[in-house]
Amino acid sequence: MSRTALRICPLCEATCGLTLTIEGTAVTGARGDRDDVFSRGFICPKGASFGAVDGDPDRLRTPLVRRDGELCEATWEEAFDAVAAGLRPVVERYGPNSVGVVLGNPNVHTVAGALYPPILMAGLRTRSVFTASTVDQMPKHVSSGLLYGDALAIPVPDLDHTDHLLLIGANPLESNGSLCTAPDFPGKLKALKARGGTLTVIDPRRTRTARLADRHVAIRPGTDALLLAAMAYVLFEEDLVALGELAPHVQGVGELRAEVRDFTPESVADACDVDAGTIRALARELAAAPTAAVYGRIGSCTVPHGTLASWLVDVLNVLTGNLDRPGGALFPQAATDKTPRPAGPGHGFALGRWHSRVSRHPEAKGELPLSALAEEIDTATAEGEPIRALVAVASNPVLSAPDGDRLDKALGSLDFMVSVDPYLNETSRHAHVVLPPPPPSQSPHHDFAFNTLAVRNQVRYTRAAVPLEPGRMAESEILARLILAATGMHGADPAAVDAMVVDQTLGKAVEEPHSPVHGRDPKELAAQLTGVSGPERRLDMMLRLGPYGDGFGVRPDGLTLEKLLAHPHGIDLGPLKSRLPQPLKTVSGKVELLPAPIAGDLPRLREALRHRPDGLVLVGRRHLRSNNSWMHNVPALTGGSNRCTLHIHPQDAERLGVRDGAAVRLKGAGGEVTAPAEVTDAVRPGVVSLPHGWGHDRPGTRLGHAATDPGVNVNQLLDGSLLDPLSGNAVLNGVAIEVSPVSEKITALT
C-alpha cells in the first residue's frame with residue numbers, strides 16, 4: 001500500500017517542495033508539490049531522482065571503525081568510544097588548533113548540519129576551520145562584510161519584479177541558483193522577458209542561460225572585476241549615478257569615483273576582450289532601466305579578483321539606486337533570523353584576526369582557505385603544531401580542493417580522523433571512524449541558510465517522511481554525540497547539547513532591551529517550547545524570537561512551530577521589502593562603499609590592466625543533474641550530457657590537432673589529467689572547460705556506479721597557490737592550462 005508525504009528537496013539551493021510516493025519504507029517516486037508556497041510544483045531532475053538518491057545501495061548503514069588498518073562495521077557505542085579515544089589525547093597533548101574541522105557543502109542542506117557544527121567548533125576552540133566556502137562563495141561574504149558590516153547580509157535580485165537583470169559568472173539554468181534561492185529560476189527568467197524586461201549574461205561560455213539572454217558578452221575568464229569597474233567608471237563619467245533614496249545610507253561615493261578613474265572602457269577592453277562600446281552600453285542600459293539588478297556567482301568568485309568582483313556587483317546596484325528597492329537587489333528576512341535590532345552603528349567586519357600557520361593566510365569569517373589544508377597537515381614550522389586530527393563533516397576535499405593528490409597523502413598521515421558521511425568516498429576512506437547519517441527521507445528539513453537568500457520570504461518545515469530504520473541514528477544525535485566525544489564529555493546525554501543551546505540563547509534574549517522577551521524568566525520560556533526533539537525545540541525557539549515570531553505570546557498571530565506544522569505546504573511571508581538601514585552593522589551605520597581592504601587591493605587590479613594571458617585558460621561548468629561530487633553514484637543523474645569531458649572551441653581544436661572524442665592531456669601547475677575532448681563552440685576561443693567534482697577512481701571507496709565512469713579531478717591541475725588574497729578563495733577559473741592530444745581514442749565516446 002503506497003502513501004504520500006511532503007518533503008523539501010535538499011539536493012540544491014532551490015529548496016523545492018516535493019510530494020514523495022512511499023511504499024513501506026522506500027521512496028518510489030517524487031513529484032513537485034503544487035501547493036508549496038514557494039516552488040509551486042517546480043521540480044528538476046535531481047528532485048525527481050530523490051528516491052534513487054535516498055535509496056542508493058552504497059550508502060553506509062552502520063558506523064565504520066578502523067581496526068588493524070581496515071575499516072570494519074561497528075556499533076554506535078564502539079564508534080563514539082573510538083572518537084573520544086582518538087580526539088581527546090590530540091587536543092590535550094598538542095592544543096585545540098591541532099584538530100582541524102572541515103565542513104562540506106551538504107551541511108547547509110540539512111537541519112543538523114546547520115545547528116550543530118558551530119557548537120562543535122566552539123567546543124573544540126580550534127582556529128583550524130576550513131569549509132567549502134573558500135572554493136566557492138567566500139568573496140561574496142567578505143565583500144558583504146566590508147560593505148554592510150555583516151558577512152551574511154547578501155542582497156539577492158528581486159527576480160519577480162526587476163526590469164533588467166545582469167548576470168555575471170552565473171548559469172542558473174544549470175545550477176538552479178546559488179546565493180539566490182529561487183525555485184524555477186528558468187521560469188523566472190522567462191517571465192522577466194515576457195513582461196518586457198532585459199536579460200544580460202556575461203560568461204565566457206554560451207551556457208543555457210546565455211542562450212536565453214537578450215545580450216551575451218563572452219568575456220575573457222578572470223577579468224570580471226575589470227569590466228565591472230569600467231561600468232562604474234561610465235556611470236560616473238556620464239553622470240548616470242543616481243542613488244535616490246539610498247543616498248542617506250551610503251558613504252564613500254566621492255572616494256570611489258577617484259579610485260575607478262583608471263578603469264576606462266578603453267583601458268580594460270583588451271584585457272577583457274570586450275570592446276569599449278559594449279562596456280559603455282552595458283552601463284547605460286543598467287542605468288536606464290526602471291529597476292535593475294546585478295547578480296554575480298561562482299564564475300566571478302573563483303578568480304584572482306573574486307572579492308573585488310563581488311564588491312563591484314553591489315557597487316553597481318548602489319550607484320544605480322537599485323540596492324534595497326523592489327525590482328533591484330534586496331535583503332531577505334528569514335523566519336529564523338535573530339530578533340531585528342534597532343538600526344544603528346555596529347561592530348563592523350574584520351579580516352585577518354589570525355593567520356594560517358604555514359603560508360600565513362589571513363582568516364575570513366573565522367575560516368582558513370581550504371587550499372591550505374594539506375600544508376597545515378604535512379608541513380612542520382616553528383610556529384604551532386600541525387593539524388594532527390581532523391573532523392570532516394559532509395565534505396570531500398580530496399576532490400573539491402586544489403591538488404587532491406597532496407591532500408590525499410596528507411590525510412593518510414593524520415593521527416586520527418573522523419568523517420560524518422553517508423559514503424566511503426575519496427576523503428572519508430582515510431577516516432579512523434565513519435559516522436553515517438540516515439538518508440534524507442528519514443530526516444526532517446528546514447532551510448536555515450537558504451531562507452536568508454530566498455527571493456521571497458517564506459517558511460517551511462517537513463518532518464521525516466519515513467521513520468528511522470533500526471540501527472540508524474538521527475544526524476542530530478550523531479553530531480551531538482560527536483560534540484560530547486570531542487569536548488571531553490563522552491557518555492553524557494546528547495539531549496544536553498540542545499538544552500545548553502536553549503538555555504544560553506534564552507538567557508541572552510531576556511537581557512536584550514529590544515528582544516520581545518526582555519526581562520522574562522528563561523526557564524519559563526523554555527517550558528513553552530514544543531517539538532518532539534531537541535532540534536524541533538530549537539527551531540520553535542528561533543521562530544518565536546525571530547522577526548515574524550509570536551515573541552513567546554507577545555504577538556498572538558506570530559510564528560511558532562505548532563503554527564508551521566499546521567501549514568504543511570509552508571507559510572508565505574510576502575515579497576522582499578526595503579530594509580535599510582536595519583541590516584547594516586558597519587561602524588558608521590551606513591553602507592561603506594570603499595572599505596580600506598578593498599581600496600588596498602585595487603592596485604592589484606590596476607596591475608591586471610597590463611597583462612593579457614596568452615594560451616588557453618580553464619573554466620569549470622555545472623550540470624543540472626550534478627551538485628559537486630555528491631550525486632555521481634546515482635545512475636539516473638549521470639550519463640548523457642552529464643559527462644566529464646573537456647569542452648574546446650573548434651578553432652583551438654584544429655590548431656592543436658585535437659579531434660572530437662579523442663583523449664587530450666591537460667597540464668597545470670598542480671599536475672596532469674587526461675580527459676576526452678568535446679569540440680564545441682559553446683566555449684569561446686582560448687577557453688577550455690572541465691566540470692568540477694569528478695575523479696572517482698581512487699582505491700578504497702565504495703562508490704560502485706561512480707567508479708564505472710570516474711572522470712578526472714579538474715582541481716588536480718591546480719597547486720593551491722593561487723588565491724584571492726582578501727577572501728582566501730581558491731582561484732579555480734581563468735587559470736593557464738596546456739592542452740595536447742593523446743594518441744589513443746577514448747572508446748566511451750566513439
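On a 1 Å grid laid over the protein atoms alone, a cavity is a set of points where a 1.4 Å probe fits but cannot get out, and lining residues are those with an atom within 4 Å of a point. Grid points are joined across faces, edges and corners, and a volume is the space filled by probe spheres set on the points. The structure examined here is a predicted model, in which local features need pLDDT of at least 70 and side-chain atom pairs count only at pLDDT 80 or more, while totals for chains, interfaces and linings use all residues. Residues are numbered from 1 along each chain as its sequence is written, and side-chain values use heavy atoms, with hydrogens and water left out.

By this rule, three cavities of 30 Å³ or more are found. The largest cavity holds about 100 Å³ of space. It is lined by 14 residues, of which K140, P155, V294, Y295 and G296 are the closest to its centre. Two or more lining residues come from each of β8 (156–157), β13 (293–296) and α15 (306–319); helices (H or I, at least four residues) and strands (E, at least two) are DSSP runs, numbered from the N terminus. By class, the lining has nine nonpolar, two polar and three charged residues. Here Ala, Val, Leu, Ile, Met, Phe, Trp, Tyr, Cys and Pro count as nonpolar, Asp, Glu, Lys and Arg as charged, and the others, Gly among them, as polar.

Charged side chains come next. Side chains of opposite charge can pair when their charged atoms come close. With a salt bridge defined as a side-chain nitrogen of Lys or Arg within 4 Å of a carboxyl oxygen of Asp or Glu, the count comes to 43 salt bridges. In one of them, R353 pairs with E363, the closest N and O atoms being 2.9 Å apart. Both residues lie in the loop between β14 (329–330) and α16 (373–378), so the pair ties together parts that are ten residues apart in sequence. E363 is buried, at 0% relative accessibility, where buried means under 20% relative accessible area, exposed over 50%, and partly exposed in between (1.4 Å probe, protein chains only).

A salt bridge also joins D408 and R698 (3.1 Å, N to O). D408 belongs to helix α18 (residues 404–412) and R698 to the loop between β25 (687–689) and α26 (704–708), so this pair ties together parts that are 290 residues apart in sequence. Both D408 and R698 are buried. Within helix α25 (residues 650–656), D652 and R655 are three residues apart, or about one helical turn, and their side chains meet in a salt bridge (3.0 Å, N to O). D652 is buried at 6% relative accessibility, whereas R655 is exposed at 55%. Salt bridges also link E237, E238, E266, R280 and R284 in a network.

What of the cysteines? With a disulfide taken as a pair of cysteine sulfur atoms within 2.5 Å, zero disulfides are found in the whole structure. The sulfur of C9 has its closest cysteine sulfur in C12, 6.1 Å away and too far for a bond.

Most residues other than glycine have a negative phi, and most peptide bonds are trans. The peptide bond from L580 to P581, however, is cis, with omega near 10 degrees. D324 has a positive phi, near 65 degrees, and is buried at 8% relative accessible area.

Methods:
1 Å grid on protein atoms, 1.4 Å probe; cavity = no way out; pocket = protein on both sides within 12 Å on 5 of 7 lines; lining within 4 Å.
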